[in-house]
Amino acid sequence: MKTSPNTIDHRSYVEVDLEQIKRNYNVLKALVPDSEIVAVMKADAYGHGDGMLSAFLENECGVKYFAVSNIDEAITLRYAGVTGHILILGYTAPEHARLLFENKISQTVVSEEYAKMMAKTGYPIRYQIAIDTGMNRIGLNASKPKDCAAKVRKIAAMLHVEGIFTHFCVADTATQENANFTHRQIEKFDAVATLLEDLRLPFVHCCNSAGSLAYYDDIPASLKKYVRLGIVLYGLSPDPSFPLPKKLSPALSWISHVSMVKKVPAGESIGYGRTYTTPSERVIATIPTGYADGYSRRLSNSGYVLINGMKAPIVGKVCMDQFMVDVTSIPGVKMGSRVTLLGKDADECLTADGMATMIDTIGYEIICNISKRVQRFYRKND
Ligand SMILES: *Cc1c(COP(=O)(O)O)cnc(C)c1O
């Protein structure tokens with residue numbers, strides 16, 4: 001296992017606290033006592049590193065179920081040694097049927113047409129059918145539960161169907177309208193599942209993070225034997241308005257360092273486009289991380305980093321590989337000073353959720369975008 005690096009050896013790096021992942025997992029397990037947790041590992045485990053995270057969750061936390069978005073991610077988990085159940089939540093080209101079979105991956109059926117194409121491949125793959133209760137993304141439309149159930153039966157006659165699932169689209173925001181919509185989704189799914197009870201499908205599930213935390217008690221036991229948890233496992237919130245349980249905390253820190261410090265006289269511009277002009281003599285530090293590392297250019301002139309436990313505002317545009325911050329009011333900043341792009345520094349903490357609200361997105365996008373050239377390291381207390 002890679003342990004913590006010297007700050008200065010890397011332009012920037014990500015450090016994942018595996019013990020925090022385990023704490024989050026245990027907190028969540030207690031919150032969904034009637035369910036098995038399916039750990040959602042898509043997008044490289046939301047930027048945390050899917051091989052390491054999935055192996056850790058299986059070996060050290062006892063997770064038996066995983067979900068990913070595509071065949072490459074599924075195989076990465078197998079290469080990492082994961083022996084548990086893996087479900088691909090999205091489309092896999094029928095050309096990859098053999099890989100699905102050989103790696104014992106369960107595949108989502110996105111449509112009837114897809115089911116027919118997969119049946120033609122002849123591989124005895126296990127499938128779960130997506131049921132569309134209002135997201136209008138993939139799955140069989142559930143607005144007429146009887147028709148929907150009949151289609152499931154038709155597909156179950158062609159393929160080995162081990163389950164059905166649906167997905168909530170507004171469980172993360174608590175307006176009355178969204179609560180009503182989520183309840184309608186639950187009702188539609190329940191209607192379909194009830195009509196199919198005789199099939200005794202082992203996998204019948206509907207909850208993502210938001211659904212699991214906000215609607216758990218409203219969901220019939222038969223629909224929550226499994227819950228699919230992504231973002232909350234990583235200690236982040238499904239939506240800025242969503243009240244995250246206090247015991248959950250981010251596991252990912254993103255660290256860089258100062259590459260250069262200099263005094264810049266009043267009236268000078270900084271960076272591309274000359275979007276910032278020093279109002280007085282300023283001390284400016286350069287940081288060797290940029291948008292090619294996934295540090296959003298939208299943070300230009302609006303975000304901040306933490307140095308010596310204090311906030312340093314970004315000045316000028318974020319470049320491809322570097323950006324500048326104003327450290328005039330922070331004593332002792334020098335080449336090599338540790339810079340926290342995400343994470344804790346003394347009493348200050350900048351989370352992906354916090355950064356996301358600065359640029360009108362969600363924490364998911366911030367962590368998924370940290371690019372592959374930023375090396376991941378893992379901390380674990382033995
Ligand atoms: C991404 C995804 C999840 C996990 O969502 P979170 O909000 O991260 O918990 C669950 N189910 C499906 C179908 C998904 O695509």
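Predicted model: local features only at pLDDT ≥ 70, side-chain atom pairs only at ≥ 80, totals over all residues.
Close-up 1. Helices (H or I, at least four residues) and strands (E, at least two) are DSSP runs numbered from the N terminus. At the start of α4, a side-chain oxygen of Asn 70 comes to within 3.0 Å of the backbone nitrogen of Asp 72, and α4 is followed by Gly 81, whose phi is positive, near 100°.

**Close-up 2. The salt bridge between Asp 293 and Arg 11.** The closest N and O atoms of this salt bridge are 2.9 Å apart, a salt bridge being a side-chain nitrogen of Lys or Arg within 4 Å of a carboxyl oxygen of Asp or Glu. The pair links distant parts of the chain, 282 residues apart, with Asp 293 in the loop between β15 (282-287) and β16 (304-307) and Arg 11 in the segment before β1 (12-17). Asp 293 is buried at 0% relative accessible area, whereas Arg 11 is partly exposed at 32%. Arg 11, Asp 293, Asp 321 and Arg 373 are linked in a network of salt bridges.

**Close-up 3. The salt bridge between Arg 282 and Asp 326.** The two side chains meet at 2.9 Å, N to O. Arg 282 lies in strand β15 and Asp 326 in strand β18 (residues 323-326), 44 residues apart.

Residues are numbered from 1 along each chain as its sequence is written. Local features need pLDDT of at least 70 and side-chain atom pairs count only at pLDDT 80 or more, while totals for chains, interfaces and linings use all residues, and side-chain values use heavy atoms, with hydrogens and water left out.

Key:
Polar contact = N/O pair within 3.5 Å; in protein donor to acceptor, adjacent residues only side chain to side chain. Buried < 20%, exposed > 50% of the residue type's maximum accessible area, 1.4 Å probe, protein only.
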